[in-house]
Amino acid sequence: MPDIHHPGRRSVLAAATAGAASLGASWLLTGCTGASAAPALPTDAKGGTPDRGGTLRIARPPASDAETLDPASALSAYEYLGALYNRLVRVGANGDLVPDLAESWEPDAKARTWTFRLRAGVTFHDGRKLTSADAAYTLRHILAKETASPQAAVLAPLIDPGKLRTPDARTLVVPLKTPNAEFPSLLTHYNCYVIPDGSARGIGRTGVGTGPFKLESFTPAGPGRITAYEDHWAGRPVLDAIDFYSVADMSARSNALLAGQVDLLSQTNLDFATARVVAASDRATIARVENAQWYVLPMLTTEKPFTDVRVRQAMKLAYDPEHVVKVALQGAGTAGWDNPVPPSDPAHITAHPKHDPEQARHLLKKAGHEGLTVDLYTSSYDPVFTPMALAYQDSAKRAGIRIRVKTASADSYYTQIWMKKPLMATYWYTGRPVDQLFTQVFRGGSSYNETAWSDKNFDALLDRARQETDDERRRELYGEAQTFVMEKGGAMTPMFADRLVGISRKVRGYAEHGFEFDYLGIGLKGA
Amino acid sequence: MTAIVSVTELSVAYRSGGSGGRDVPVVREVSLDVLPGQTHALVGESGSGKSTVAATLLGHLRHGSRVTGGSVRVGGADVFALPARELRRLRGGTVAMVAQNAGHALTPSMRIGRQIAEAGGDVPVVDLLEQVRLPRPAELARRYPHELSGGQQQRVAIAMAIAARPKVLVLDEPTTGLDVITQRGVLDLIGALRDELGLAAVLVSHDLGVVAHMADEVTVLRSGRVVEAAATGRLFAAPQDPYTRRLLASVPRLDDEGLALVGAAGEREVRPRAVVSGDAPVAVSARDVTIDYGSARAVDGVSFDVRRGEVLALVGESGSGKSTLAWALAGLRTPSGGTMTHAGGDRPSGDTKSGDLRSGDRESGDLARPAGKRPLSLRRRVQLVFQNADTSLNPRRSVGDAVRRPLRFFGTVGSRAEAVDRARQLISDVRLEPALAERLPAQLSGGQRQRIGIARALAGEPDVLIADEITTALDVSVQADVLRLLDDLRRERELACLFISHDLAVVRGLADRVVVLRHGVVVEEGPTDAVFSAPGHPYTRQLMAAVLEPLPGVGPVVDGGENTPPTNRRKPYTQGAP
Amino acid sequence: MFSFIARRAGAAIGTLFLSSVLVFLAVQALPGDVATQVLGKDATPDAVSALREKLKLDQPAWERYVDWIGGALHGDFGLSLVSGKAVGGEVGMYLGNSALIALVTVLFAVTGSIVLGILAGLYRDRWPDHLISTVSLIGMSVPEFVVATVLVLCFSVALPWFPAVVLYGPEASVGQLMPAVWLPALALAVVMAAYIVRMARTSVIDVMAGEFVTTARLKGLSTWRVVTRHALPSALLPTLHVIALNVAWLAGGVAVVENVFNYPGIGKLMLASVQNRDLPVIQAIALISAVVYVVCNLAADLGAMALNPKLRTRGRTR
Amino acid sequence: MTTLDTPAAVPAVPVAPASAAARAWRTVRSSRAATIGLAIVAVHVLIALLAPLLTSYDPIANNADQALLGPSWEHWAGTDQYGRDVLARVLYGGRYAIGVSVAATLVTLLIGTVVGCAAALRGGWFDDVLGRVLDAVLSVPSVLALLVIVTALGTGPSVIVLAIAVVYVPQVVRVVRGAALAVVPADYVTAARARGESTWAILRREILPNITDVVCVEFAMRASWVVLLISSLSFLGFGADPPTPDWGLMVAENRTAITVVPMASLAPIIALATLVVGLNLAADGLSKAWGVDRIREGS
């Protein structure tokens with residue numbers, strides 16, 4: 001029965017974005033009495049090398065009981081995946097693609113066939129050697145129907161699993177159905193971790209990969225433990241082990257950090273108030289990952305009144321993203337202006353419609369929805385949801401739109417509210433490649449299309465863009481796609497927020513960007 | 001001989017209403033001495049402070065009360081100056097108490113034997129139980145209080161009190177609430193023990209009959225003050241204070257030929273009973289009435305008639321079924337057999353002579369039906385006055401309202417204004433100030449409340465009045481007034497009155513005829529004088545023998561108690577109770 | 001005596017039966033078709049009808065009730081709509097953890113509050129009474145989540161004596177949970193004790209004013225003996241039922257506190273299953289709570305019987 | 001018969017017609033606890049009603065520049081993370097707490113009193129069946145019942161009122177039934193029955209006036225529970241929706257920041273606790289005073 005239940009989702013790791021994480025050791029607290037409350041940002045990373053060994057304790061929100069370690073279908077166990085497995089390529093700190101298990105990769109002239117050269121001397125946790133057969137198997141596993149991988153929707157139009165070739169143990173040749181110049185970036189997705197050949201049946205529990213840690217125990221939605229893999233190809237990680245704990249309630253999680261019960265809160269973007277509490281404590285502090293969170297207010301385009309594009313436009317024109325950034329984030333982020341592509345992405349375009357409540361009012365009148373009243377669902381799942389909703393409510397008032405903020409439960413937010421209620425608050429991790437982003441979230445029929453928006457012209461535009469081998473031209477097409485989404489789409493993107501991560505003051509070598517987490521270097525001082 | 005108990009100028013005050021309240025004196029400068037072996041009675045009506053005085057002998061005060069003056073010395077020790085440990089030794093060891101209601105005074109969760117053993121002393125529990133004449137003492141000791149009858153409970157309380165062989169016994173209304181026959185038994189026991197053990201006793205009672213039979217000395221209290229103190233014989237023979245005289249005169253006697261009317265100075269005049277003419281119509285007729293409570297039969301085949309202007313007394317001990325019968329007549333119980341009929345109708349009274357009711361107006365006069373199913377006119381004509389005036393009036397409504405309601409309900413008056421006038425009239429008919437109409441029941445005294453209860457019953461203009469133990473809860477002087485009122489009313493209004501009582505002396509003065517009930521069965525019936533002069537049934541005789549009258553001649557001869565050894569002064573009364 | 005127990009047990013079973021019917025009906029009455037709810041709004045009609053069949057939604061309500069209650073009697077509460085696991089086992093696991101808290105809470109609250117209540121009753125209108133009454137009044141007036149939050153701040157964050165949250169799942173061992181039990185139990189005990197203290201105080205005052213206590217005093221017994229032998233059994237009688245109600249209240253009252261402490265107990269499961277509309281789990285929790293309630297009351301009745309010989313010896317002849 | 005309090009004589013001064021209101025006032029005056037309790041509640045009600053006059057801040061307007069301030073002259077209790085004035089939110093917060101609580105308690109008591117009295121008066125099978133059903137309702141944890149109802153019908157004041165009525169009516173019925181049962185055997189009720197008065201008349205004229213004290217005390221006590229319950233619901237996210245100023249919600253919003261801006265959490269807690277203390281004191285004082293009152297008036 002697990003498959004009838006949609007587990008909590010989280011977004012995708014990506015390229016092209018995000019400054020390196022920095023430690024908030026000098027997070028300055030200002031304005032306890034002063035007028036300006038905008039916080040000073042953490043200026044520099046806490047230096048120093050960690051001691052070797054030790055056990056890091058990470059608190060994470062629990063996902064459903066259906067949680068699995070099979071990367072192809074995993075929807076929540078990101079921390080485990082990153083530590084247990086490797087992909088062929090990953091995203092570097094500056095947003096470029098960098099080698100992971102693949103030493104190098106190259107397309108043919110038309111970007112129709114991609115050849116990957118694998119690293120030598122890599123072993124799985126069970127001692128087997130990594131070969132190109134494992135890489136090919138991984139792709140076939142993703143594409144297999146019974147796996148039900150979310151990434152299949154992205155890759156299936158490109159790859160014919162029968163045509164994958166492994167000329168030798170270290171070479172994987174992927175012929176594409178249609179040319180795609182961005183293909184390797186699609187393999188940075190967290191569903192694309194490499195698993196051993198033939199392991200599909202047990203991988204969800206065994207977690208055998210090539211990563212720096214190997215699995216000791218794992219409970220869906222419960223605690224788990226991973227230990228250092230001595231024979232990791234890039235060397236042994238600094239830590240001896242990592243303990244994972246599941247804590248549903250956000251404030252319980254931060255209490256655990258404050259009480260010294262855990263060292264790091266994963267998948268937890270602290271709200272401004274909590275961040276100040278954490279930063280002020282002598283046990284913990286804040287690390288900040290710039291623009292790492294992409295916040296969305298998706299309007300279900302299949303539900304009234306959002307079936308009418310004029311209403312959608314009015315909703316967007318009605319509010320001021322700058323106001324939302326200020327109220328919800330205390331300025332710790334960037335206004336999104338309803339463009340889902342983050343400012344740090346090379347494809348990002350800066351043009352956007354201006355905030356215009358009068359026009360919004362006008363549009364609503366034309367659509368017959370003057371004085372529109374809608375419920376906006378939020379939850380304590382993420383602490384920024386409610387502030388964002390309240391800021392939106394506040395701002396949209398001027399266009400005569402009445403927003404009723406409804407709180408839904410955190411545990412079932414992504415089963416009961418997401419893609420079910422006409423208007424709600426949600427977020428993704430930024431850093432997915434632009435093609436991945438549009439294909440997965442905005443293309444008609446995609447399983448993650450949270451606005452249920454389907455526009456043939458838009459889909460055709462996407463097809464043209466990904467086949468374009470000219471980088472400049474391709475970027476222009478993606479720019480057009482952005483304008484398209486801003487004007488017609490159902491998603492409001494009020495802002496990109498810095499991720500405020502609560503970590504113990506003992507943690508050293510913490511580095512995170514987008515979805516990439518440095519498991520090799522992280523460690524503890526004086527643990 | 002020095003007094004074993006010596007109370008000197010004792011004053012006690014009660015602080016009302018928490019910390020901010022004022023002191024209300026409840027005992028004022030009371031003095032009394034009790035000599036060893038002597039029985040000293042404290043007499044008074046409710047609120048006289050007699051129980052408070054008695055409790056001080058054990059160094060006990062109610063929560064919120066304190067001694068404001070004087071002293072209490074028992075066995076030479078100043079009770080209120082004793083340290084806690086000494087006080088504990090005094091209690092039980094020197095002075096012990098038998099409380100009013102043994103049912104409440106025994107700890108419900110503890111076996112009898114342990115409670116007695118706990119009281120100290122060296123006498124084995126079984127011996128003590130034997131001493132208070134309880135059968136099968138060994139088995140009884142293992143029982144819990146609720147498994148005993150009221151009389152047995154009181155005997156256990158006495159056994160507990162004498163366990164440590166105290167010198168003084170404080171008896172606080174030791175027989176109130178017991179049936180006459182049981183009361184007589186308990187009193188005899190106390191008397192016997194007192195003599196056996198040479199105890200001094202302080203007896204608190206409102207019942208002058210009990211006092212006359214038990215006490216050597218009497219102190220009469222009123223509102224916390226001593227009114228009069230004298231040796232028993234002298235007090236009963238020649239009371240000095242008018243209050244004492246009135247009190248004594250108010251007590252009904254078995255040999256009164258009619259109702260005694262008491263004057264302000266305590267003079268006593270017996271009013272001859274009203275004569276009920278032989279052709280007075282029968283108002284109510286009961287034939288073979290049977291009433292069941294579940295499987296238990298409360299009333300079994302009782303028949304009687306009550307004529308207009310006549311008082312029929314139903315007499316019996318608790319459980320005899322007399323109140324059940326009253327409630328059935330009022331329509332609050334449905335009889336399981338027999339007929340009860342009201343002569344009813346608006347026909348001239350002459351029509352329903354000689355009890356020939358069954359052929360007549362049965363439909364409209366059927367009293368076997370519950371109140372809700374009786375026609376309004378019938379409900380109106382049969383009215384009940386309740387035993388306890390405290391609970392028979394709604395405490396949240398003015399007494400005027402209580403009288404007005406039936407006036408309006410039965411339609412005896414038309415307008416609201418008329419109801420107000422009529423209610424005031426009724427209130428003055430029961431010899432009360434009409435101005436009292438605006439008061440709440442709690443602002444009236446017990447006697448006043450009972451009069452209001454009667455006024456309420458009269459509001460329906462009934463021809464049958466059922467008076468269910470209406471004077472039981474009243475002080476004796478108030479009782480006399482209420483009885484007189486009832487007698488007046490039946491004369492004035494030709495009421496057929498069913499008077500229910502356990503007190504034979506009360507019945508004697510008021511009732512024209514008497515029905516004696518026992519276990520739901522009529523054991524004797526007849527004109528009052530006949531029954532009292534020659535009781536035909538042994539049970540009736542037993543009842544009459546158990547009555548204690550406040551007659552100096554019947555009481556013990558008192559000679560100051562100085563030179564007569566207490567032990568052989570009196571012969572124990574014959575055992576009345578089984 | 002046995003007839004008394006039998007009557008009480010019979011009434012308890014009757015209550016349970018009614019509760020189960022009520023619970024079943026209430027859950028049935030939840031708006032929205034369960035199948036659609038479970039499958040989401042985009043489910044195909046085929047899938048919906050298949051699930052309806054699987055959940056036996058096509059059968060009449062009484063048949064489903066009989067099925068459910070029949071299973072429940074054997075400990076089979078069906079499968080969770082969320083995890084797909086057997087509800088019985090899952091609820092049992094959470095229930096066990098809550099029982100741990102409940103045990104500690106009851107131990108603290110009951111013993112502590114009875115002692116305090118008696119003290120307050122004995123020292124009526126003097127300073128120990130004022131102190132205890134005031135503190136219990138405040139205990140009653142502050143919601144559990146405030147108490148819990150303050151406890152976390154004091155004893156986890158400021159003074160790291162106890163864990164602020166439970167890091168383990170429902171399958172955690174007693175040893176893992178034990179350090180985390182104290183704060184939640186304390187928070188619950190504060191609230192619970194407040195009520196029991198007040199009840200105990202009132203009934204001690206009532207009983208101490210009773211004639212049989214006066215009689216016992218006037219027998220010359222020591223205060224200790226008067227209180228323990230004579231007053232207590234009667235004073236505990238009304239308190240007993242308040243305790244029973246409070247223990248039963250724990251079954252639901254833990255929800256807030258468990259949430260604050262992330263304690264994997266029945267309250268947390270309750271919250272989650274309500275939010276997930278996991279109907280079989282809700283039904284099971286409600287039924288089990290009803291059992292707890294009934295058992296607590298039955299225990300109180302038995303306790304009352306032990307304290308009150310009237311109940312024990314009813315029917316014996318005089 | 002021998003208690004000292006029974007007046008030996010009727011008060012000599014003529015007693016003014018004792019209207020219910022006068023009596024109630026006398027009762028309140030006689031108990032310090034009740035006076036203090038009712039005064040606290042009255043102050044809360046006044047503050048809630050006059051909130052707009054007491055503060056010039058809008059309790060739901062965000063002001064990012066003023067977020068998380070400590071107490072200052074402009075913001076006596078500081079601000080929360082949205083820059084909203086905490087004091088204003090606390091002042092307005094009483095509206096929701098008191099409004100919903102009073103409505104819920106009134107509905108609960110109304111139903112409970114009628115049903116309880118009916119059960120006591122009718123007795124028999126009606127009473128038996130009702131007792132069983134109520135016991136069954138009581139056996140389901142109130143929090144669970146509340147959550148299910150609120151989840152099913154959605155949040156909102158009217159749903160919460162309904163949910164609380166469902167949860168608390170059985171308990172009120174028990175209390176009222178108990179109180180009424182003590183009145184039903186009284187002779188004045190018997191007298192009314194003997195007159196053949198209708199059930200409704202007996203209920204209204206004879207029983208209700210005699211259980212008003214119980215009902216009032218029950219109201220105060222029940223209201224205190226309801227206030228707590230509603231705040232717990234808000235705390236769990238099932239009660240008031242943001243940005244409604246509500247104390248439970250405020251605590252939930254601000255408790256993580258309690259070390260940085262303690263007033264944002266403490267102020268609503270204090271408001272909540274004082275209201276509940278006030279209600280409890282009133283309940284205590286009234287019940288005591290009414291008990292004492294009866295003795296003093298001499299019945």
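**Reading contacts, helices and strands**

Modeller: Let us start with one contact between chains, in which 35 residues of chain C are in contact with 30 residues of chain D. Please keep in mind throughout that this is a predicted model.

Biologist: Which helices of chain C each supply at least two residues of the side that touches chain D?

Modeller: They are H1 (2-28), H6 (127-141), H7 (144-158), H10 (223-261), H11 (266-276) and H12 (279-307) of chain C. By class, that side of chain C has 26 nonpolar and nine polar residues, with no charged residues.

Biologist: How should I describe two helices that pack within a chain?

Modeller: In general, two packed helices are described by the distance between their axes and the angle between them. In chain C, the axes of helix H9 (residues 211-218) and H10(C) come within 10 Å and cross at roughly 150 degrees, and the crossing is right-handed.

Biologist: Which residues meet where H9(C) and H10(C) are in contact?

Modeller: From H9(C), Phe212(C), Val213(C), Ala216(C) and Arg217(C) meet Val226(C), His230(C) and Ala231(C) of H10(C). The residues of this contact divide into five nonpolar, one polar and one charged. As a general idea, an α-helix has 3.6 residues a turn, so residues three or four places apart point the same way.

Biologist: Turning to chain B, how many residues of helix H12 (residues 322-329) are buried?

Modeller: Seven of the eight residues of H12(B) are buried, so that helix is mostly covered, a residue counting as buried if 20 or more other C-beta atoms lie within 10 Å of its own. The buried residues are Lys322(B), Ser323(B), Thr324(B), Leu325(B), Ala326(B), Ala328(B) and Leu329(B). After H12(B) comes Gly331(B), with a positive phi near 85 degrees.

Biologist: With which strands does strand S13 of chain B pair, and in what sense?

Modeller: Strand S13 (residues 282-293) of chain B pairs in the antiparallel sense with S14 (residues 296-307) of chain B over eight bridges, and likewise in the antiparallel sense with S16 (residues 337-342) of chain B over five bridges. Ser285(B) lets you follow both pairings, standing opposite Asp305(B) in S14(B) and opposite Thr341(B) in S16(B). S13(B) and S14(B) form a hairpin with two residues between them, and Gly294(B) in the turn has a positive phi of about 60 degrees.

Biologist: And what does the secondary structure of chain A come to?

Modeller: Chain A has 15 helices and 22 strands, and 62% of its 527 residues count as buried.

Notes
Residues numbered from 1 in each chain as written. Chains lettered and ligands numbered in written order. Predicted model: local features only at pLDDT ≥ 70, side-chain atom pairs only at ≥ 80, totals over all residues. Helix = DSSP H or I, 4+ residues; strand = E, 2+ residues; numbered from the N terminus. Buried ≥ 20, exposed ≤ 12 C-beta atoms within 10 Å, placed from the backbone. Pairing = 2+ DSSP bridges. Contact = placed C-beta atoms within 7 Å. Nonpolar A, V, L, I, M, F, W, Y, C, P; charged D, E, K, R; others polar. Axes fitted to C-alpha atoms, helices over the stretch in contact; angles between N-to-C directions. Left-handed = near helix turned anticlockwise from the far one by under 90°.
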